[in-house]
Amino acid sequence: MPSISYSDALNDALERMKDLGYERGQGVDLANHGPMGAEALALLGHGDEVSRWVERYRRAMEHHEPPAPRFALDPTDESSWRPALGAFHRAGDWEALFTRELAEVHWREVVVRWWPRLLPGLFAGLTHGLIRVAHAVRGLYAAERPTPLQLDELARGLAYWAARFTELPGHPRLTGTYDLAGAIAALPRVPHDGPLRPEVPRQRLARLAELPGYGEALTSLAPDRADRLLSEMTLRFAGVYLAHPEVFPVPLIHGVTAPAAARLVLPHLPPELHEPTLAALWQVHITFLLAFTTDRRDEDADARRAEAQAAPPAPELAARAAEHGDEHVIKFTEACLREHALRPDPRYLAAAFAAQGRVDRLDAGGAIGTAGRR
């Protein structure tokens, strides 16, 4: 057992990273994964390693400066806050807004108020707005008395979601007849001539509404109970991840971590927000499949391959993730193990094990390669 508790490890990590901006990288805008990775590592039972991991993470890539607030946003005036959605230069204003609100009312009230406002922009930062909020919510729920550091982290998660708000074309609704497996199978994939170069997904995202099957897929999925559909989403996309080693190793990870993150928040939301959340997640899944895959490969054979892959047991996978060090691997492993505990299936373990081999390791000095950064 770790000598440092989950809450102590989490708050120590947040203290060590409070000077980091929302994004990182030279010439690129990659989300700050530090708070999410530290929280997941502590949840995996490796609280003793969190402080060392934070230092490795900080050395791996330079972070941008934290944004400063410029002009106050009024949460009661839609004409004030709505134009600032997706305006990253207003990130500091968004953080100031959420910091004020969290100082005035319980954090659940803030999440419930802003969830339907932010949900149409769920694709923000490749879903990292949602995921950062969910990790913050889990820490707050576990705390007997939330600390200012934890409330600040929720403010930053919400602010990142708002500032990188990305609305995908069309309006998803769960009004179809397909179960998830059928909806995925019915979605046509767009072949590509040659290797899937980094610019191809960006080009496809730019013309998403024109891609075959996109519009029809938005309403192809049948409604289902939230807990059951979330499990189907994480399980099916663990299989998608396994079936596509030819794809850049990180993007498809979010097909699992996004719905797994939503599961952490849904108990704190009113039931009427559950189905819109599931519909928005399905739209994100459609987008991942059309932007990053060019065929179905052997997605239907994922269960047989998972069983044959002989992934290590859950405790060993957790230890391997901590040793590996990459923040995506840590978060993906934690999500897969959590989902596996709810609905045991070898695809979860196999997907986590596959990611540990596909994504570049973060070495002790903080150095990284390039494959895992995409």
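## Terms and model

A residue is buried when its relative accessible area is under 20%, exposed when over 50%, and partly exposed in between, using a 1.4 Å probe and protein chains only. This is a predicted model, in which local features need pLDDT of at least 70, side-chain atom pairs count only at pLDDT 80 or more, and totals for chains, interfaces and linings use all residues. Residues are numbered from 1 along each chain as its sequence is written, and side-chain values use heavy atoms, with hydrogens and water left out.

## Overall build

The protein has 18 helices and two strands. Both kinds of element are DSSP runs, numbered from the N terminus: helices are H or I with at least four residues, strands are E with at least two. The radius of gyration is 20 Å, close to the 21 Å that the globule rule gives for 374 residues, so the protein is as compact as a globular protein of that length. That radius is taken over C-alpha atoms, and the rule is 2.2 Å times the number of residues to the power 0.38. Along its principal axes, the C-alpha trace spans about 50 × 50 × 40 Å.

Of the 374 residues, 57% are buried. A contact means heavy atoms within 4.5 Å. Take the contacts between residues at least 6 apart in sequence: 81% of them join residues at least 24 apart.

## Surface

The protein exposes about 15100 Å², and carbon and sulfur atoms supply 53% of that area. Accessible areas come from the Shrake-Rupley method with a 1.4 Å probe; for residues, only the protein chains shown count as cover.

## A covered helix

Helix α2 covers residues 34-43, and nine of its ten residues are buried. Among them are Gly-34, Pro-35, Met-36 and Leu-41. Which helices do the buried residues of α2 pack against? They pack against α1 (6-17), α3 (50-60), α7 (128-142), α8 (148-163), α16 (314-324) and α17 (327-342). Just after α2, Gly-45 takes a positive phi of about 95 degrees.

His-135 lies in helix α7. Its relative accessible area is 8%, so His-135 is buried. Neighbours within four places in sequence aside, His-135 is in contact with Met-36, Glu-39, Ala-40, Lys-331 and Glu-334. Met-36, Glu-39 and Ala-40 are also buried residues of α2.

## The loop between α4 and α5

Leu-85 sits in the loop between α4 (78-81) and α5 (91-104). Is Leu-85 buried or exposed? Leu-85 is buried, because its relative accessible area is 13%. Leaving aside neighbours within four places in sequence, Leu-85 is in contact with Trp-94, Arg-117, Leu-118, Ala-162 and Phe-165. Leu-85 and Trp-161 are 76 residues apart in sequence, yet 8.7 Å apart in space, C-alpha to C-alpha.

Arg-90 also lies in the loop between α4 and α5. Arg-90 counts as buried because its relative accessibility is 15%. A polar contact of 2.4 Å joins the side chains of Arg-90 and Asp-93. Such a contact is a pair of N or O atoms within 3.5 Å; within protein, one must be able to donate a hydrogen and the other to accept it, and residues adjacent in sequence count only if both atoms are side-chain atoms.

## Two positive phi values

Thr-127 lies in the loop between α6 (107-118) and α7. Its phi is near 75 degrees, a positive value in a residue other than glycine. Thr-127 is buried, with a relative accessible area of 0%.

Arg-297 is in the loop between α14 (274-292) and α15 (302-309). Phi of Arg-297 is near 50 degrees, again positive in a residue other than glycine. With a relative accessible area of 47%, Arg-297 is partly exposed.
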